[in-house]
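Subject: Structure for you to look at

Hello,

Here is the structure I said I would pass on. My notes on it follow below.

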Amino acid sequence: MQIADPTQTLVVNEVKLLLDTLPLDAASVLELGCGKADKTRLLAESGRVREIVALEVDAIQHAKNLKIDDLPQVRFDRGGAEAIPLPDASVDLVLMFKSLHHVPLAQMDRALAEIARVLKPGGLAWISEPVYAGELNEVFKLFHDEKIVREAAFAALCRTVDGGVLQSRQQLFFNTRSHFADFAQFDQRMIQVTHSDHRLSPELYAQVRACFERYLGADGATFLNPQRVDLLAKAG
């Protein structure tokens, strides 16, 4: 297993990649850290999965998700990966989009063990993580440097595979595209979030803004963000 592939140039929407890769038809799916449920919606509206349990640990975002009333095959619940409120061997697929590194360091191994517990034999876990590289990361790390937690998440994945808890089926490396019309939109989407408390001093805020605006053109700022997916399988 490798943490990054600097030679990878593929640019793709992750949900499209997932739809093309995973055996989704009539599957029962658990999504951990569903956030605003954007990917949850795309997956549900694909018409391929049987049901989705979408967990979110952020109470503010979870309350918003509970107001979604047009996705009958989705059940929103509050919880974290380290204590999944589902029975053993109850889901075909587990999806974790860029959230393993948000699990407390001491709980990452437990979270992966929980994923193995709720997967049916032969079930798959799609765990995507941002690679610590790229121009957007250069801006983001000024106020929220994730180098340590991203490396810890990868180390936890390696321990899980080396210990036989889950098997490494495949690694996928690709880039996603992020676009911001202006700094105000970057501020709203990346700084003013409910799951993290980013309190920037006026001096740091100005530094972040200046760094972001170096990438700003007439049509806004577009970034290519390197990503990794570890596709893991439960034996059987």
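In this predicted model, the axes of helix H4 (residues 108-118) and helix H6 (residues 147-162) cross at roughly 45 degrees. On the H4 side the contact is made by Met108, Asp109 and Leu112. H6 contributes Val149, Ala152, Ala153, Ala156, Leu157, Arg159 and Thr160. Of the residues in this contact of H4 with H6, seven are nonpolar, two are charged and one is polar.

Threonine 160, in helix H6, is worth a separate note. Is threonine 160 buried or exposed? Its relative accessibility is 5%, which is under the 20% cut-off, so threonine 160 counts as buried. The side chain of threonine 160 reaches the backbone oxygen of alanine 156 at 2.9 Å. Leaving out residues up to four places away in sequence, threonine 160 touches Leu112, Val165 and Leu166.

The other threonine I looked at is threonine 176, which lies in strand S6 (residues 167-180). Threonine 176 has a relative accessible area of 14% and is therefore buried as well. Its side chain forms a polar contact of 3.2 Å with the side chain of glutamine 227. Apart from neighbours within four places in sequence, threonine 176 is in contact with Val12, Glu14, Phe223, Leu224, Asn225 and Gln227.

Regards

Conventions: Residues numbered from 1 in each chain as written. Predicted model: local features only at pLDDT ≥ 70, side-chain atom pairs only at ≥ 80, totals over all residues. Heavy atoms only, no water. Axes fitted to C-alpha atoms, helices over the stretch in contact; angles between N-to-C directions. Helix = DSSP H or I, 4+ residues; strand = E, 2+ residues; numbered from the N terminus. Contact = heavy atoms within 4.5 Å. Nonpolar A, V, L, I, M, F, W, Y, C, P; charged D, E, K, R; others polar. Buried < 20%, exposed > 50% of the residue type's maximum accessible area, 1.4 Å probe, protein only. Polar contact = N/O pair within 3.5 Å; in protein donor to acceptor, adjacent residues only side chain to side chain.
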